[in-house]
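Please keep the sequence at hand while reading.

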Amino acid sequence: MKKLFAGCLTLFVSLAWAQGVPQTQLPRTTLKAGMHLIQAQVAQTPEQRATGLMFRQEMPANEGMLFVFEQAAVQCFWMKNTLLPLTAAFVADDGTVVNLADMKPQSVDSHCSEKPVRYVLEMHQGWFAKRGIQPGFKLMGAPFATRP
């Protein structure tokens, strides 16, 4: 039964992706960047991460998407089928921003983390810069809590 459900979910995600449907119903978490709150959708499965913010035509100012990976690795992102200009923050396990990359909509240019990370936070392009957030800044929130 579990295998059947996983197969149906994969088929649904594949059909949604093929039809250009944005994913807007992912679980959410609240992150803090100093005094600023971020409402982040959490993409944690391979299918959720593959779709990301594709096909979104709008997004609230303080909303973004947090990509969560099982293992720290050099993470690379591109913007095919993504309509909004975004900045990716590549984030270490403790919430420290490793590096930032401004990404152009509808581009297949690759933007990668400078070292292995488990988290990538995508926000509207310029969101981090307007708030003075640079590499070394520490984000706070449940995903970055100390793990055993």
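## Loop residues with positive phi

Glutamine 106 is found in the loop between S6 and strand S7 (111–112). Helices (H or I, at least four residues) and strands (E, at least two) are DSSP runs, numbered from the N terminus. The phi angle of glutamine 106 is near 60°, a positive value in a residue other than glycine. Most residues other than glycine have a negative phi.

Phenylalanine 55, in the loop between H2 and S3, also has a positive phi, near 70°. Phenylalanine 55 counts as buried because its relative accessibility is 16%, where buried means under 20% relative accessible area, exposed over 50% and partly exposed in between (1.4 Å probe, protein chains only).

## Basis of the model

This is a predicted model, in which local features need pLDDT of at least 70 and side-chain atom pairs count only at pLDDT 80 or more, while totals for chains, interfaces and linings use all residues. Residues are numbered from 1 along each chain as its sequence is written, and side-chain values use heavy atoms, with hydrogens and water left out.

## Overall composition

The protein chain contains three helices and eight strands. Along the sequence, these elements follow the pattern α-β-β-α-β-β-β-β-β-β-α. Of the 148 residues of the protein chain, 43% count as buried.

## The six-stranded sheet

Six strands form an open sheet with mixed pairing, in the order S1-S2-S3-S8-S5-S6. Its edge strands are S1 (28–33) and S6 (97–103), each of which pairs on one side only. From one strand to the next, the twist averages 30°; axes are lines fitted to C-alpha atoms, for helices over the stretch in contact, and angles run from 0 to 180 degrees between N-to-C directions. Strands of a sheet pair through backbone hydrogen bonds, either parallel or antiparallel. Here, two strands pair if DSSP finds at least two bridges between them.

S1 and S2 are joined by six bridges in the antiparallel sense, and arginine 28 stands opposite glutamine 41 in S2. S2 (residues 36–43) pairs with S3 in the parallel sense over five bridges. S3 is also joined to S8 (residues 117–124) by five bridges, and these two strands run antiparallel. Phenylalanine 67 in S3 takes part in both pairings: alanine 43 stands opposite it, and its bridge partner in S8 is valine 120.

## The second largest pocket

The second largest pocket has a volume of about 230 Å³. On a 1 Å grid over the protein atoms alone, a cavity is a set of points where a 1.4 Å probe fits but cannot get out, whereas a pocket is an open set with protein on both sides within 12 Å along at least five of seven lines; lining residues have an atom within 4 Å of a point. Grid points are joined across faces, edges and corners, and a volume is the space filled by probe spheres set on the points.

There are 17 lining residues, of which Arg49, Ala50, Phe67, Phe77 and Trp78 lie nearest the centre of the pocket. H2 (46–51), S3 (63–73) and S4 (76–77) each supply at least two residues of the lining, and the largest share, four residues, comes from H2.

## A buried glutamine

Glutamine 75 lies in the loop between S3 and S4. At 8% relative accessibility, this glutamine 75 counts as buried. A polar atom of its side chain lies 3.1 Å from the backbone oxygen of valine 117.

Conventions
Polar contact = N/O pair within 3.5 Å; in protein donor to acceptor, adjacent residues only side chain to side chain.
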